[in-house]
Structure formats: C-alpha cells, structure tokens
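Hi everyone, thanks for coming along. Let me put the model up on the screen, and then I'll walk you through a few places in it.

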Amino acid sequence: MINESAAWRELEAHAAELSQRHLRELFAAEPDRQACFTRHAAGLTLDLSKQRWSAETLTHLLALAEQAGVPGAIERLLAGERVNVSEDRPALHTALRLPAEASLVVEGEDLVPAVHRTLERMTEMVALFHAGQWRGATGKPIRDVVNLGVGGSDLGPLMVTHALTDYRPDDVHTIEVHFASTMDGSQLADYLLRLNPETTLFVLSSKSFTTIDTLSNANTARDWLMARLAGGDGVDTALIMRQHFIGVSASTEKMNEWGIAPAHQLEFWEWVGGRYSLWGAIGLPIALVTGMSHFRALLTGAHAMDRHFRETPMADNLPVLLALAGIWNVNFLDIRAHSILPYDGRLEYFAAYLEQLEMESNGKSVTHEGREVGYATCPVLWGQLGPNAQHAFYQLLHQGTQAVECDFIAPLRRYDRVEDAATRAHLKGQHRLTLANCFAQSRVLMLGDDAIDDDGPRPGHKRYRGNQPSSTLLLDELTPSTLGALIALYEHKVFVQATIWGINPFDQWGVELGKKIAGETQRILESHQGLATMDASTRALIEAAWAAEESL
C-alpha cells in the first residue's frame, strides 16, 4: 500500500518538522510564496499559498503522486480503460463533453457519435419547449417541468440550474424547472398543490430506472395527472403518458415497461456514474433553463479542464495540486474536516453537490486489491454559502478545537450585464463587499491575531490562533464555461486522491447495501412478518410504526 512507500515515509518525517511551524512564519520566510503556489487554467485561479506546506512539501507530494502512478492513471481514465475495477468497466464521464470532431474508441466503438446524437435530441426537445410547442394532453404549452431523481440525478442539475439562472435565454417561452427527490413525497406534494396538471411535465431521471425514491415520486405524479386529466375531451391515458413524461435512463426496457414513449426517452450509459452524469441527458433540466448554447458552453469549459488535466505536468496541474493539498492535510497533518465556502449566492448548492461527489466517491476503506487501508481517506466534507456561514459555523473555524481545511470560492467579476447604471454600480459595491469578506476570512484563518491591527495583549476569549489551512479558487466570472471547468476540477481532484489512496472512486457499494436493507425492512413493515430477524432496537422502532398505523 502507498503508506509503505519511501515517499510516504519521507512525508511523515517532513510533516513532523513542518507541523510545528505557523503559517505566518512560512509567509515571512518565503516572500514569493503566493506566486510559488498559484496556478491558472480554464478561467480559474487556484491560490494554495495559505496551505500549511512549503516548496519542499510539494516536492515530496509530487514524488508520492509519481510513486502512486498518477500520470498513468490519468491517461487510463481519459483513454477509456476499465478504471472502475470492482464493476469492471470504464468511467467515461469525460466522453460526454468531448467535441463532435473528437474520437474516443473504447473496446472497438467510437463513443462520440452516440454522445452527440443524444445532445442533438436534447437540442430538439429544448427547442420545442422554448417555442411553446411542447404541449400537454389538453393542448396547452408546458410551463413547468419537475425533475424526479435522486443523488447525481438531482444534485448536479439542481446545482447547475441555480448557478446559471442569470443565463436564461431571452425571447423564449419560459420554462420553470423544479426538483423533487425525497422519497417521503414532501417536495413533490408541494409542487402538486401549486402546479397546473395541464401545463406540467415530469422528467424521470434514473440510471437503472429501479431507484425506489424516484419511482415512488413518478407513480404519484402519474396518478395525479390521470386523476385530473384522463377522461376529458379526447384525453386518454396514452396521450397523457406521451405528452407529460420524459425518461432519462440506461434501461430502455424499463422505461418502456413504465410507459415512457420511445420518442421521449434519452440515453444514459452504464459507463457514466450517477454523480458524474450532469454532462449528458441528466442535464436536460439545465438545458431547459439556460438553453442548449449555454449547456454546450458548460461542456466546453469542462473539456478545457480535461485537457489541462491530461496535458499539464503535475507541478502545474490544478486538479493534481488541489488533490495533493488534501492528501497533505488528511494524511500528514491529521485534518479530517473540509469545508466548502462559496462567496456567490448562485453557488448555493455547490457544497451539497461536492459532498456527494467526494464522500460517495472516496468514502472507502478497502484498496483495489481488497486490503483494509492503514490510513485515512476522504475527510468529512460540508459547507454553505460563505456570507451565511460567517454567522453560523465560522466561530468554530476561528476559535474551536477542530482543525478544518477550507476552500474559498468566488468570481472576480459580477453584475457586468446589469443594464441600469445606478443599479449596476450599487450591485458592484455589494460584490466588492462580498470579496472583502472572502479574502478577510481566509487571512484571519491563516494569521490569527496577527491579522488584527490593534495594540496590547488580547484576552483569551478574543484570541485567534490562526494556522487554519485554506485554498482560494477565483473564477474570472461565473459563466457556463468557468462553472464547467470548476466542476471538472473537483471531479479530477477526487480521482487523483483515489489513485494515491489506492481506492475505487467509481463504485458505491455502501449505498447499495443501504438500499437492500431498506427493501427488506419495508417488506417487514408491510407484511408484519420477519420481525424476529431484527435486532432489539429495530424491532422496537418497527413496532412503534405499527402502533402508530393502528391508532389512526
């Protein structure tokens, strides 16, 4: 395992020495530190100078990455080799953003034509919606689209549509997109109370088309439509199914069985993991909000990061460097918490998206060879919009006992497209205030009391220790292209860390186990049989549920 390597042992020895030094000492000792640890690519700037490391640290970490075979792993990933070892298949989300003129032959098949056929089908669908020509069963144009999905079929499209709301196209029939993922039906129930069944369409997004959360919501949506529309003038169930449902899945057979019209099915391939799927047909809600030109710009930005990842030496490679900073914190400084802090309201759901991307991918404790790891892997990831978090959990960051690595994310420019000059000036002032807070918070986390310009000793309850590591990611501007690059940056960071840890970031057997046990428990709840096989706590919980049902 990697912790038995010479590079790992050298890092342990180096960490024992460097961990005693404060970040303010490192800045004082290295006048060119900011330039040394800052890189640019695809409209992004990554400043790693506030990490608790030195140039020597990075040299050791790059040697570790070489020893772990990171360069070869990058090539195997992007060439379509079977890097998903436990499921014996490639992980080809990057193929979804290849340009039409590219070629990627995997096991004798060029994947690019099929990818672009799906993009063209999406283009045709979006054009119908935006022209007001996709009509419901009663002939009225669809106005509301509800995406029914969970996990990657929900978090990715939700995050991106919110981030790119400013990029709604002008002069088109407006489509409002909503998201329902909870299996208890609470989100969907709220929509069904407010939306008009005649002008509402549902997108069923499920790779397997067996996900119970999604199908439960889909069945409720179907019943709602049938109860309100079927039997009207010329409206039959077949027309309702055809005009009010779109399916996105890798299982054509199951979509057919459920009743999705073949013409309204979009392809999703087995070689794309759910949490990596927003780049293809799962991204239909994104395209409905932004238009296909902006959706394609999202793909272009991600592809630019893919090329950077593949072609740039590790010492200047943004995903590699971001990954190595995480390795250093988790494995050598024993920092097991990581907070994502965007300073832009449009990135409200970015932390939640990364929680799944990182913890579902790298929340593993067994290597490719089936050996228990002898070191920490994925940290606990969490976060919130930075301006809100400053009034919530920053107290712990500044004065708590828990060391936390932070990623600060902000666009340099905003509100350039606001037409009214006075409003634009006011909003730009607010943006400067936001940037001031972003930069100040990372500075105080780094320097502690040294960031405060006042005289005299500070009482203990007002002292800031500092020395909290952080990275700062600046976007030139939040556009479809830079957002695509930002997401791809974190995808590749996850892959590099998984390669070093020797784990598979493309399976999720823990999730599958939870689904299996939930199914067994559901059968007991419904049948009132098999209770004796449960542990004492679960038996009591099930009995409480039965008692509650009987009391109604």
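Let's start with Ser442, which lies in helix 18, residues 421-447; helices here are DSSP runs of H or I with at least four residues, strands are runs of E with at least two, and both are numbered from the N terminus. Ser442 counts as buried because its relative accessibility is 3%, where buried means under 20% relative accessible area, exposed over 50%, and partly exposed in between, with a 1.4 Å probe and protein chains only. Leaving aside residues up to four places away in sequence, Ser442 touches Lys50, Phe408, Ser470 and Thr472, contact being heavy atoms within 4.5 Å.

A quick word on conventions. This is a predicted model, so local features need pLDDT of at least 70 and side-chain atom pairs count only at pLDDT 80 or more, while totals for chains, interfaces and linings use all residues. Residues are numbered from 1 along each chain as its sequence is written, and side-chain values use heavy atoms, with hydrogens and water left out.

Now, the rings. How many aromatic pairs does the structure hold? There are 16 aromatic pairs; rings of Phe, Tyr and Trp (its six-membered ring) pair if their centres lie within 6.5 Å, and planes under 30 degrees apart count as stacked, over 60 as edge-to-face and the rest as tilted. One of them is Phe202 with Phe245, stacked at 5.8 Å centre to centre and 25 degrees between the planes. That pair links distant parts of the chain, since Phe202 is in strand 7 (residues 200-205) and Phe245 in strand 8 (residues 245-249), 43 residues apart. Phe202 is buried, with a relative accessible area of 0%, and Phe245 is buried with a value of 0% too. Elsewhere, ring pairs link Trp8, Trp328, Phe332 and Tyr375 into a cluster.

For a contrast in setting, have a look at His391, in the loop between helix 16 (386-389) and helix 17 (394-399). His391 is exposed, with a relative accessible area of 71%. From His391 to Val366 is 25 residues in sequence and 38 Å in space, C-alpha to C-alpha.

Last stop, charges over rings: NZ of Lys or CZ of Arg within 6 Å of the ring centre and within 35 degrees of the ring normal. Arg97 lies over the face of Trp279, 4.5 Å from the ring centre. Arg222 has its charged end over the ring of Trp258, at 4.2 Å from its centre.
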